2 protein chains.
Amino acid sequence: MQIDKLNSILNSAEALILKQGIMSFKISELAKLAKCSNATLYSEFNNKEEIVYTLYLRATKNKVKRITNIVEMDGVSNKDKIIIISMLDIFQSFVKTLNLSILSNLPNNENLSITTKGSCVKEFYKLKEIYDKLWREAIDNKELLSTKEDVIALSYELIIYHKGVIEFINDYNLNKIGWNMTPEMFFEYIVKKINSLDWVDHSTIDYQSTCSLMHNELLTSSFHKTKNSNENVFESEMDI
Amino acid sequence: MQIDKLNSILNSAEALILKQGIMSFKISELAKLAKCSNATLYSEFNNKEEIVYTLYLRATKNKVKRITNIVEMDGVSNKDKIIIISMLDIFQSFVKTLNLSILSNLPNNENLSITTKGSCVKEFYKLKEIYDKLWREAIDNKELLSTKEDVIALSYELIIYHKGVIEFINDYNLNKIGWNMTPEMFFEYIVKKINSLDWVDHSTIDYQSTCSLMHNELLTSSFHKTKNSNENVFESEMDI
């Protein structure tokens, strides 16, 4: 299937899921919305899990591209790049309505093909590689003097905090009982955490600059054209 | 519907979801497995979201009961009770196969009735009340000397860490790229976090005692009878 057609189907799926729910959406209605036949859908996807997981895979690929753009920025320290990257999904959670983080647990399911599972693991390896490289460069350039053990411990802590924040933001029940936080509060916590390591320079990027750099990263990214266009699927999930 | 019949349907739903996936499981097959008619299912649940959310609600009610049992323990300090409670879901994530944490984001969905949403928020209020009471008692009894602001900040941090850990444990992709942690590591982190407050006594419960107390809490709880029995639904999700 052509990438444009696939993306158009995935955009329709996203819209339909928002309307009918991740469990109740009907493949026949997706076919109608995406202007293709049921047979076309079934030739590409074995089941609903496969459709939703492909949405998750697309979001993960998008994330790799966005993070690569940040890593390639000139005049930004490795520490600040780590801070900016840590905030990407958090900002996204505040603005988007479909929480795809719920998909991270899906791959254990037998409804997903080995190929689909493998594709996502591949993107996760890329993410890990980019992230590891940032830390390694900070150590090699003598920006960061902490031990390897301390850096690894903090990496784990950051990834857990990051996942927790996304669930926290999306949690309807927590929100209802009055548990709320602003993006600034998460930003401050992340900066405090990263600064708990032994950096030569403890100054960091501020919140406003992080917001505007994230916006720039979207504007300059190769896959970004115009907002809300059906063609620009890699941008459809983020609008800050 | 009788509570026994409802629980039997929910147990069947859990088994079916594990086999067919949260999106692809069929209501007609659930009826067959639960030995009731499609009409019975549709009289109780409007759609699949409603079924799965009722599973989530049951798990949340179960959690309230388990936490209440811990709070009522004799000879355990408030600090240690907070530590034990913080570990409950984490242990559960290591042993169970169906991750219901993905449901926390569901209630925004229009497929869920107001009653269903409201029931869960009610359970969350109970959880918050129990948790708040523990902290308040620790302060009132002069076990804890920190300011209210510091205690609230740590509560938020713990809840985010806790949610992050559950997602981390259940994340297939992270696991595949070699990100793994043991329950002991989470335990140590939580104890370190809680001890970062200004306690009069910094000694805490150890990991082994926490494990055995959690086991006792299950054995003595009123809803616990025998393992893997269809009748004892409130126990079906935890087996440590």
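1. **M73 of chain B.** M73(B) is buried, because its relative accessible area is 15% and the cut-off for buried is under 20%. This residue sits in a loop of chain B, the one between α4 (48-71) and α5 (78-95). Its C-alpha atom lies 9.4 Å from that of L213(B). Along the sequence, M73(B) and L213(B) are 140 residues apart. Keep in mind that this is a predicted model.

2. **Make-up of chain A.** Chain A holds ten helices and zero strands. Read from the N terminus, its elements run α-α-α-α-α-α-α-α-α-α. The chain has 240 residues, and 59% of them count as buried. Now take the contacts in chain A between residues at least 6 apart in sequence. Of these, 73% join residues at least 24 apart.

3. **Confidence in chain A.** The average pLDDT of chain A is 85. A score of at least 70 is reached by 85% of the residues. Which elements mark the two ends of the range, lowest and highest? Helix α10 (residues 207-220) of chain A has the lowest mean pLDDT, 77. Helix α9(A) has the highest, 96.

4. **A stretch to read with care.** Over residues 221-240 of chain A, pLDDT stays under 50. The model still has 46 contacts for this stretch beyond four places in sequence. Where pLDDT is low, predicted coordinates should not be read in detail.

5. **Helices α7 and α9 of chain A.** Helix α7 covers residues 148-170 and helix α9 covers residues 183-194. Their axes come within 11 Å and cross at roughly 170°. The two helices are therefore roughly antiparallel, since an angle over 145 degrees counts as such. By class, their contact has ten nonpolar residues, two charged and no polar. From α7(A) come L154(A), E157(A), L158(A), Y161(A), V165(A), F168(A) and I169(A). From α9(A) come F186(A), Y189(A), I190(A), K193(A) and I194(A).

6. **Helices α1 and α4 of chain A.** Here the pair is α1 (residues 3-20) and α4 (residues 48-71). Their axes come within 10 Å and cross at roughly 110°. Are α1(A) and α4(A) roughly perpendicular or roughly parallel to each other? They are roughly perpendicular, because the angle falls in the range of 65 to 115 degrees. The contact divides into six nonpolar, three polar and two charged residues. On the α1(A) side are N7(A), L10(A), N11(A), A13(A), E14(A) and I17(A). On the α4(A) side are I51(A), V52(A), T54(A), L55(A) and R58(A).

7. **K142 in both chains.** Most residues other than glycine have a negative phi. K142(A) has a positive phi, near 60°, and is not a glycine. K142(B) also has a positive phi, about 60°. In chain A, K142(A) belongs to the loop between α6 (114-140) and α7. In chain B, K142(B) belongs to the loop between α6 (114-140) and α7 (148-170). Are these residues buried or exposed? K142(A) is exposed, because its relative accessibility is 59% and exposed means over 50%. K142(B) is exposed too, at 61%.

8. **K148 of chain A.** K148(A) is part of helix α7 of chain A. Its relative accessible area is 59%, so K148(A) is exposed. The C-alpha atoms of K148(A) and R136(A) are separated by 9.4 Å. These two residues are twelve residues apart along the chain.

9. **T204 of chain A.** T204(A) lies in the loop between α9 and α10 of chain A. Its relative accessible area is 28%. T204(A) is therefore partly exposed, as this value falls between the 20% and 50% cut-offs. Which residues does T204(A) touch, not counting those up to four places away in sequence? They are K79(A), D80(A), I83(A), V191(A) and N195(A). The C-alpha atom of T204(A) is also separated by 8.7 Å from that of S77(A). T204(A) and S77(A) are 127 residues apart along the chain.

10. **Cysteines.** How many disulfides are there over all chains? The count is zero. C36(A) is buried, at 16% relative accessibility. C36(B) is buried as well, because its relative accessible area is 17%, and buried means under 20%.

How values were computed
Residues are numbered from 1 along each chain as its sequence is written. Chains are lettered from A and ligands numbered from 1 in the order in which they are written. This is a predicted model: local features need pLDDT of at least 70, side-chain atom pairs count only at pLDDT 80 or more; totals for chains, interfaces and linings use all residues. Side-chain values use heavy atoms; hydrogens and water are left out. A disulfide is a pair of cysteine sulfur atoms within 2.5 Å. Buried means under 20% relative accessible area, exposed over 50%, partly exposed in between (1.4 Å probe, protein chains only). Axes are lines fitted to C-alpha atoms, for helices over the stretch in contact, and angles run from 0 to 180 degrees between N-to-C directions. Helices (H or I, at least four residues) and strands (E, at least two) are DSSP runs, numbered from the N terminus. Angles under 35 degrees count as roughly parallel, over 145 as roughly antiparallel, 65 to 115 as roughly perpendicular and the rest as oblique. Contact means heavy atoms within 4.5 Å. Ala, Val, Leu, Ile, Met, Phe, Trp, Tyr, Cys and Pro count as nonpolar, Asp, Glu, Lys and Arg as charged, and the others, Gly among them, as polar. pLDDT is the predictor's confidence in each residue, from 0 to 100.
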